[in-house]
Amino acid sequence: MTTTAQEAAVRAVGTGHVRVEGRDKVTGAARYAGDIPFTELAYGWLVLSTVARGRIRDIASGPVLEMPGVVAVLDHRNAARLETDYVGMLGRPDPTCAVFQHDAVPHVGWPVALVVAQTPEQAREAAEALVVEYEPLPHDIEFTGDHPDARPVDGHMPGVTDKGDLDAELAASATVVDEEYTTPEEHHHPMEPHAATARWEDGRLEVVDSNQGTTWVVGELANLFSLDPASVRVRSEHVGGGFGSKGVRAHQVAAVMAATVLQRPVRVALTRPQMFALAGHRSPTVQRVRLGADTEGRLRALDHRSVSRTSTVYEFVEPSAGVARVLYDAAAHHTENRVVRRDVPSPTYMRGPGEAPGAFALESALDELAEKCGIDPIELRLRNEPDKGPVSGLPFATRNLRACFEEGARRFGWAQRDPRPGVRPDGRWLLGTGTAAASFPAGAAPSTAAVTAEADGRFTVRIAAADIGTGARTALTLVAADALGVAPERVTVRIGDSQFGSAMIAGGSMGTRSWSMAVIAAARDLRERLVPGMAIPAEGITVRSDTTAQIAALANMERHSYGAQFAEVAVDPATGEVRVRRMLGIFAAGRIVNPLTAHGQFTGGMTWGISMALHEESVRDPAFGGPVGADLAGYHVATNADVPRIEADWVDDTDPHDPVGIKGIGEVGIVGVAAAIANAVWHATGVRHRSLPIRPSRVLTAGSDA
């Protein structure tokens with residue numbers, strides 16, 4: 001291996017690089033899960049239940065099997081039996097993915113059959129012609145915060161934390177805020193719909209999929225079908241967005257079932273309407289926040305209780321109260337995440353799970369406390385900066401939230417803000433500004449990677465990472481280049497193949513940090529093996545890493561990314577229209593690998609936060625249990641016209657205890673945005689909005705009541 005002096009002097013990490021796969025994507029050369037051709041490919045179309053609860057009496061598959069091109073109909077009467085009693089990478093499986101195991105229907109959109117045909121058009125026509133007879137049963141989708149069946153549930157964090165005497169501290173507080181905040185059901189719909197193709201070859205199962213982690217999918221499919229994981233290969237080269245939705249779903253399992261029966265490749269893709277039932281969603285929440293402060297605005301009591309909705313078949317909790325366990329401390333501190341089972345599809349992780357809706361409630365309540373105390377909202381937050389984890393008691397690895405607020409306030413012009421609400425007219429508009437804090441955990445999980453020194457002087461990195469649109473390929477290219485001491489142009493990163501070994505999923509803002517640890521470890525070991533003038537054999541020299549021991553040895557500390565969100569809005573009191581005019585987010589998110597894609601991640605999250613604050617809301621019809629307008633025409637999201645000038649930047653945030661210094665930026669960009677906008681709407685109008693989205697009808701109603 002030879003390294004020029006110029007290469008050694010230039011560090012790739014921290015400098016902006018265009019995506020290494022960018023040309024392939026814009027020219028159409030990049031192939032997604034639904035693009036890859038297979039010989040003798042058949043197409044499956046899922047048939048979903050039309051009742052919200054009941055049993056299947058009969059499925060008239062006979063006439064459908066006589067239709068042109070139809071080769072199979074799978075349902076609970078003839079499908080393979082699956083194993084569901086196991087704990088996988090992320091816990092127990094959602095029974096929704098274990099398709100066709102019984103005749104029970106727990107919600108609208110439950111998979112009841114798969115029709116397989118020679119073409120997708122034939123499969124769809126036959127699926128729509130399939131007659132399914134049901135025995136309907138009474139269903140209940142009503143969700144309230146005071147439902148008697150609500151109970152605490154542990155998710156990826158404890159359901160309840162408690163310290164101090166809450167009642168005593170509230171009673172002794174000079175100022176108290178006690179309010180309820182609600183967020184609606186929301187859906188993540190990536191540009192690329194969910195699709196999977198399964199085939200058997202030489203006794204091995206291969207699945208070409210769109211997912212957030214091939215290791216995850218291999219483990220789930222091997223467990224479900226009682227297979228040796230070594231006999232399962234999952235490939236997911238390009239993914240057009242995931243946001244938490246692209247795990248193991250009904251379509252992958254159905255495709256494997258059909259491929260097993262037919263002994264030919266079978267592809268199953270979801271339609272947009274089907275994704276509303278089968279791709280997961282963010283549960284609605286009802287959150288009660290009680291804050292008690294002394295005369296200086298310092299918290300004596302913090303009580304954050306959240307109730308979310310789950311399905312009757314799977315307990316998934318939206319841990320909205322978790323954000324309070326990190327951001328603020330008090331002598332009495334109580335947080336609680338509870339769930340209510342209803343006859344609806346299972347929720348799942350959605351960008352900023354827990355923190356996004358939780359920060360709306362907590363940061364809105366902090367703003368209300370600042371108003372009551374007569375203290376600037378930023379100053380109030382800084383007065384309540386904890387010196388250790390409020391619940392864990394652990395030291396912070398780094399906590400630069402103060403720097404985020406100070407830099408953000410300077411750049412946003414916060415010092416010129418008149419704190420009085422409703423005093424900034426601009427023609428027919430009322431202007432207001434608001435702010436909020438953001439936080440998201442910065443974790444890491446064991447991963448493996450292989451780095452090969454090629455005979456031509458190049459290097460190849462192989463790791464089962466997933467690039468779901470975040471720029472992971474490019475980030476890992478830069479990380480590997482620095483670890484090897486070469487220019488990025490000499491590094492090729494291959495990802496998205498379970499044959500590369502186990503690796504962390506692209507989720508929880510943990511992907512880049514976890515993968516980088518593995519890549520750096522392998523690259524450094526490889527450099528130690530290579531000496532100047534050494535001849536590289538034709539097959540290259542490969543070194544593999546496994547960071548299991550390295551992750552276990554990390555110091556036990558509070559590790560989080562932080563941010564300060566700022567928003568200026570204009571509200572038309574005559575029409576109820578709310579327009580975000582500008583936004584600024586300043587983040588402390590560890591070492592930034594690629595400023596170009598990092599900026600896109602932050603502004604993308606902030607854009608989604610605008611959508612959350614003003615647009616997104618899925619409403620279920622209690623009569624049939626399903627969402628009204630289950631498509632992108634009925635489900636409103638922010639479009640170009642809704643997105644103003646958004647600025648994102650970051651402060652130095654080096655973690656001296658971390659070997660790579662990376663935290664995570666995929667989630668923190670959305671956290672706090674909805675609260676900052678809601679607080680700005682209050683500042684513009686003098687009216688608080690404690691329910692999302694802040695649609696025109698709510699602005700008009702609140703204005704008439706004020």
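How many aromatic pairs does the structure hold? The structure, a predicted model, holds nine aromatic pairs, a pair being two rings of Phe, Tyr or Trp (its six-membered ring) with centres within 6.5 Å; planes under 30 degrees apart count as stacked, over 60 as edge-to-face and the rest as tilted. In this predicted model, local features need pLDDT of at least 70 and side-chain atom pairs count only at pLDDT 80 or more, whereas totals for chains, interfaces and linings use all residues. Residues are numbered from 1 along each chain as its sequence is written, and side-chain values use heavy atoms, with hydrogens and water left out.

One of these pairs is formed by Phe412 and Phe566, which are tilted at 35° between the planes and lie 5.4 Å centre to centre. Phe412 belongs to helix H12 (residues 401-412) and Phe566 to strand S23 (residues 560-571), so that distant parts of the chain, 154 residues apart, are linked by the pair; helices (H or I, at least four residues) and strands (E, at least two) are DSSP runs numbered from the N terminus. Phe566 also pairs with Trp414: the ring centres are 5.8 Å apart and the planes stand at 70°, so this pair is edge-to-face. Because Trp414 lies in the loop between H12 and strand S17 (425-426) and Phe566 in strand S23, the pair ties together parts 152 residues apart in sequence. Phe412 and Phe566 are both buried, as are Trp414 and Phe566, where buried denotes under 20% relative accessible area, exposed over 50% and partly exposed in between (1.4 Å probe, protein chains only). Ring pairs join Phe405, Phe412, Trp414 and Phe566 into a cluster.

Charges over rings were also identified. Arg399 is positioned over the face of Phe396, 4.9 Å from the ring centre, and Arg688 over the face of Trp682, at 4.2 Å; the criterion requires NZ of Lys or CZ of Arg within 6 Å of the ring centre and within 35 degrees of the ring normal.
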